[in-house]
Amino acid sequence: MLSSRVRETARWPWVAALVLLLAATQVSAAGPGGPLSRMYNGLAVTPPMGWNDYNAYGLDVTETLVEQTADAMVASGLRDAGYVYVTIDDAWMADTRDADGNLRADPTRFPHGIAPLAGYVHARNLKLGIYEDAGATTCGGKPGSLGHERQDAARFAAWGVDYLKYDNCYAGPGCAQHDCTGGIELSDTARYATMRDALLRTGRPIVFSICSWGTGGVWRWGAGYGNLWRTTGDILPTYASMLANFHETVGLGRYAGPGGWNDPDMLETGNGMTLDEDRTEFSLWAALAAPLIVGADLVHASPGTRSVLTNAAVVAVDQDALGRPAREVSAAGGLDVLARPLAGGDVAVVLFNETEAPATIATSAAAAGLPGASRYTLRDLWAGTTASTAGAIEATVPPHGVMMYRVSGA
Ligand code: GLA
């Protein structure tokens, strides 16, 4: 069975034409670079889901890897679980533009170019993402989009790109002092709005991922400029790094919602943490309504990794239609309780033990925001079991682990 996201593709031409027409009206009304509405391009109604090569492969990305990963996403059920964006990160491009200033793919890594790769991905009911940078140079030293925004956006649209991750190296106020010699010091909003507007001009629905690492409090202005924005620096495949990104993001829930999401960076699930830690990351990201962009080698992923990523009950929390991230009900001594309200009145509750020893964590249905009832149903989203409670929600949680429940009133 195809996921609803895949089925959505069939409706796109009409919906997209209408939304993008409205967006073009917004751009002209707000003037170039101005703020638009949160749903400005009609995309990312729920947090985007997909895969990106960077966490597992760094700058070593090739056409073959992307094709093999797309095939693996179909065969392993990830696509049907909702992971549709297959994104090529940095270093896909040749070292120089062509004589007309056009970007071109690295001829060794992508011998057939990007358009056939988009065709390959689309033929499997997946979508193609690509990477660029708001400065003159990408983080990996390739040509950036500064001064070429319209030309590059048009190129991406012509190739059939559906998602752009737009990085922040060698860009921004003050950069001429250190790392962007000769660069133009555009403000945060100006450089991201320039590419946002260039993408809108193409008329193609392209999700816009702002990758400015949380600088300048991007969460305060990101909605209406992009569909997701990084809240942190780069994640690493360690519990400590994942924990830091969680802490930096958990207080920012009020800025996220349909059309624009906090992005604590791509998942490290499957990249070397323990199975408990992988489940913890996945549960926390779902509670935060974070984009679920897999960063693992999916061609060789273990059954354990696949089962974490395809836990439909946890994915459903991430993708919940209400679009409201969790709030911290309590956080003391490394023991955290998160509650995320869901469409229809259920609440997702995460009990997270950050510490090195097993610990009992307790809360209640009332503290989690459920209305009064004589009994509540607790569905354990990792064990798949159901229990009933008069209101207490309590468990012994392993070190670095979570319990995650979906709680309903009777
Ligand atoms: C930055 C980004 C990463 C990745 C690399 C690629 O560090 O934050 O996610 O895209 O650049 O060079």
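Modeller: Let us begin with Gly 224, which counts as buried because its relative accessibility is 0%. Please keep in mind that this is a predicted model.

Colleague: Where is Gly 224 found, and which residues does it touch?

Modeller: Gly 224 sits in the loop between helix 10 (218-221) and strand 6. Leaving out residues up to four places away in sequence, Gly 224 touches Leu 36, Ser 37, Arg 38, Tyr 40 and Arg 196. For a distance across the model, take Gly 224 and Gln 319: they are 95 residues apart in sequence, and their C-alpha atoms are 20 Å apart in space.

Colleague: How is confidence in the prediction to be read?

Modeller: Where pLDDT is low, the predicted coordinates should not be read in detail. For the protein chain here, the mean pLDDT is 93, and 90% of the residues reach 70 or more. Over residues 1-11, however, the pLDDT is below 50, and this stretch has 20 contacts in the model beyond near neighbours in sequence.

Colleague: Let us turn to helix 9. Is Asp 188 buried or exposed?

Modeller: Asp 188 has a relative accessible area of 19%, and the cut-off for a buried residue is under 20%, so Asp 188 counts as buried. The residue belongs to helix 9. Its side chain forms a polar contact of 2.9 Å with the side chain of Arg 191. Not counting residues up to four places away in sequence, Asp 188 also touches Pro 173, Thr 215, Gly 216 and Trp 221.

Colleague: What does the side chain of Thr 194 reach?

Modeller: Thr 194 also lies in helix 9, and its side chain reaches the backbone oxygen of Ala 190 at 2.6 Å. Thr 194 counts as partly exposed because its relative accessibility is 32%. Thr 194 and Ala 134 are 60 residues apart in sequence, while their C-alpha atoms are 9.1 Å apart in space.

Colleague: In which helix is the place of Asn 245, and with which residues is Asn 245 in contact?

Modeller: Asn 245 is in helix 11 (residues 239-250). With a relative accessibility of 4%, Asn 245 counts as buried. Its side chain makes a polar contact of 3.0 Å with the side chain of Thr 232. Leaving aside neighbours within four places in sequence, the residues in contact with Asn 245 are Thr 232, Gly 233, Ile 235, Pro 264, Asp 265 and Trp 285.

Colleague: How should one read backbone phi angles?

Modeller: Most residues other than glycine have a negative phi. In this model, Ala 44 has a positive phi, near 55°. Ala 44 is in the loop between helix 2 (12-30) and strand 1 (49-52), and it is buried, with a relative accessible area of 11%. Asn 125 is not a glycine either, and its phi is positive at about 60°. Asn 125 is found in the loop between helix 6 (114-122) and strand 3 (127-133). With a relative accessible area of 32%, Asn 125 is partly exposed.

Colleague: How does one look for empty space inside a model?

Modeller: Rolling a probe the size of a water molecule over the atoms shows where empty space is left. Here the count comes to 2 cavities of 30 Å³ or more.

Colleague: Which residues lie nearest the centre of the largest cavity?

Modeller: The largest cavity holds about 100 Å³ of space. Its lining has 13 residues, and those nearest the centre are Tyr 163, Lys 165, Ser 209, Asp 263 and Met 266. Strand 4 (163-167) and strand 6 (228-230) each supply at least two residues of this lining.

Colleague: What is the volume of the second largest cavity, and how do the residues of its lining divide?

Modeller: The second largest cavity has a volume of about 40 Å³. It is lined by 10 residues, with Asn 41, Leu 199, Leu 200, Arg 204 and Ile 206 closest to its centre. Helix 9 (residues 188-202) provides the largest share of this lining, 3 residues. The lining of the second largest cavity divides into 7 nonpolar, 1 polar and 2 charged residues.

How values were computed
Residues numbered from 1 in each chain as written. Predicted model: local features only at pLDDT ≥ 70, side-chain atom pairs only at ≥ 80, totals over all residues. Heavy atoms only, no water. 1 Å grid on protein atoms, 1.4 Å probe; cavity = no way out; pocket = protein on both sides within 12 Å on 5 of 7 lines; lining within 4 Å. Points joined across faces, edges and corners; volume = space filled by probe spheres on them. Helix = DSSP H or I, 4+ residues; strand = E, 2+ residues; numbered from the N terminus. Nonpolar A, V, L, I, M, F, W, Y, C, P; charged D, E, K, R; others polar. Buried < 20%, exposed > 50% of the residue type's maximum accessible area, 1.4 Å probe, protein only. Polar contact = N/O pair within 3.5 Å; in protein donor to acceptor, adjacent residues only side chain to side chain. pLDDT = per-residue confidence, 0-100. Contact = heavy atoms within 4.5 Å.
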